[in-house]
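My notes follow the order in which I looked things up.

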Amino acid sequence: MKKDLKIFIAISFIIPYLMGFAIYYCKLHEISTSIYPLFQTFMPFLAVIALLYKEDKSIIKVFPFKIYIFTSIVMFVFAIVNIFYPNFDNFSDTIILMSAIAMIIAISTMDKDLKKKLSLNNPNKKSTLLMCLLFIIIYFLRTFLGYVLQGETNEFFKILNLKSLKIFISIFIFIISIFNIMPFIGEEYGWRAYLAPRLKEIYGVKKSILFTGFIWGIWHLPLNLFYYSDGVLTSQIYSILVQLVFCIFIGIFLTYSYNKTKSIWAPVMIHYLNNNLALLFVTDLSKDIFSGQHYDLKETLFSIISSIILFGIFIFSKYIKDEELWQKSVYEKIKES
């Protein structure tokens, strides 16, 4: 394995895996754990910054990177303090939102050539919107089929016909949260702007898709064990299986959208949608809908099969098959400059 890949994986994995112990401790003592998966999303971006700094020391002067590093340090402090002062993480959402707005402004004022070199260039609005709409269609189709499988087709339509107040609240949350790019660019800058194209340069298209998805999947391991699942062994195993398969196959779609739009912002927005559209199917928005879920065999098989079919089909796209249409790794761009 190349040295830069080892560094990236080490930085991306070590702190999140250590944080798994903090999540486990907080769960035992009924302390809020929501800050830990949030903080974990910052690590892939930080790993890429470290690699770029190794090649070009001036990278540290890029203002959006400074904002990201500062916010990451604040989040790390919050994550530690949360163990001793429960619910201290209530401040984290405000910090992230303020930092995201500052980062968006900083990126918008960057030199165009520098933005392109750092894979932060402005998106093609039409193609990015089309990718997001395509994902929304797949998301609702997947959700609908899940309800059909469970014999609850009517429930699907009932949920989508809730009172106008809930719909308004959901839309309002969406509009406000859309500025909250930090967690999503934190992951996508690592997986799509660096890892997938870097692995493609070394191992070729097919292996890069598999390796990126697998690495991304096991990166979630502490969350699958102690956060997403309810702690039951079978549920934890199913959670891991679902995560691995989902990361591999949605990774195909995210790589497709990145190569087609030639911008990191399409995967960032799709990642955001994937994590937040679930709010439309929740009756109690005050609860953490991602924590303590029970995974059973039936749901696991459906998730695996639907991920393979609905996202796997994009493996046949020319934007995946044709290496010439792949975006270069941001690491290679910096090395070449």
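This is a predicted model: local features need pLDDT of at least 70, side-chain atom pairs count only at pLDDT 80 or more; totals for chains, interfaces and linings use all residues.

On the H7 side I listed Thr128, Met131, Cys132, Phe135, Ile136 and Tyr139, which meet Ala266, Met269, Ile270, Leu273 and Asn274 of H14. I then sorted the residues of this H7–H14 contact by class and got nine nonpolar, two polar and no charged.

Next I looked up the geometry of the pair. Helix H7 covers residues 125–149 and helix H14 covers residues 265–276; their axes come within 9 Å and cross at roughly 25 degrees. The handedness I noted for the crossing of H7 and H14 is right-handed.

I took a second pair, helix H3 (residues 43–55) with helix H4 (residues 63–84). I found an angle of about 130 degrees between them and axes 11 Å apart. That angle makes H3 oblique to H4. H3 passes H4 in a left-handed crossing. From H3 the contact takes Phe45, Leu46, Ile49 and Leu52, and from H4 it takes Phe65, Tyr68, Ile69 and Ser72.

Then I turned to the core. Which residues touch the most other members of the largest nonpolar core? I found Phe65, Leu118, Leu120 and Tyr189, in a core of 98 residues. Helix H13 (residues 233–261) supplies the largest share of this core, with 13 residues. Phe65 had already come up on the H4 side of the contact with H3.

Leaving out residues up to four places away in sequence, I listed its contacts as Phe65, Ile107, Met110, Lys115, Ile185, Tyr189, Ile264 and Trp265. Two of the names in that list, Phe65 and Tyr189, are also among the core residues that touch the most other members.

Last, I checked the chain as a whole. How many helices and strands does the protein chain have? I counted 17 helices and zero strands. Of the 337 residues in the protein chain, 52% are buried. I also looked at sequence separation: taking contacts between residues at least 6 apart in sequence, 80% join residues at least 24 apart.

Notes:
Residues are numbered from 1 along each chain as its sequence is written. Side-chain values use heavy atoms; hydrogens and water are left out. A nonpolar core is a set of buried Ala, Val, Leu, Ile, Met, Phe, Trp, Tyr and Cys residues joined through side-chain atoms within 4.5 Å. Buried means under 20% relative accessible area, exposed over 50%, partly exposed in between (1.4 Å probe, protein chains only). Helices (H or I, at least four residues) and strands (E, at least two) are DSSP runs, numbered from the N terminus. Contact means heavy atoms within 4.5 Å. Axes are lines fitted to C-alpha atoms, for helices over the stretch in contact, and angles run from 0 to 180 degrees between N-to-C directions. A crossing is left-handed if the near helix is turned anticlockwise from the far one by less than a right angle, and right-handed if clockwise. Ala, Val, Leu, Ile, Met, Phe, Trp, Tyr, Cys and Pro count as nonpolar, Asp, Glu, Lys and Arg as charged, and the others, Gly among them, as polar. Angles under 35 degrees count as roughly parallel, over 145 as roughly antiparallel, 65 to 115 as roughly perpendicular and the rest as oblique.
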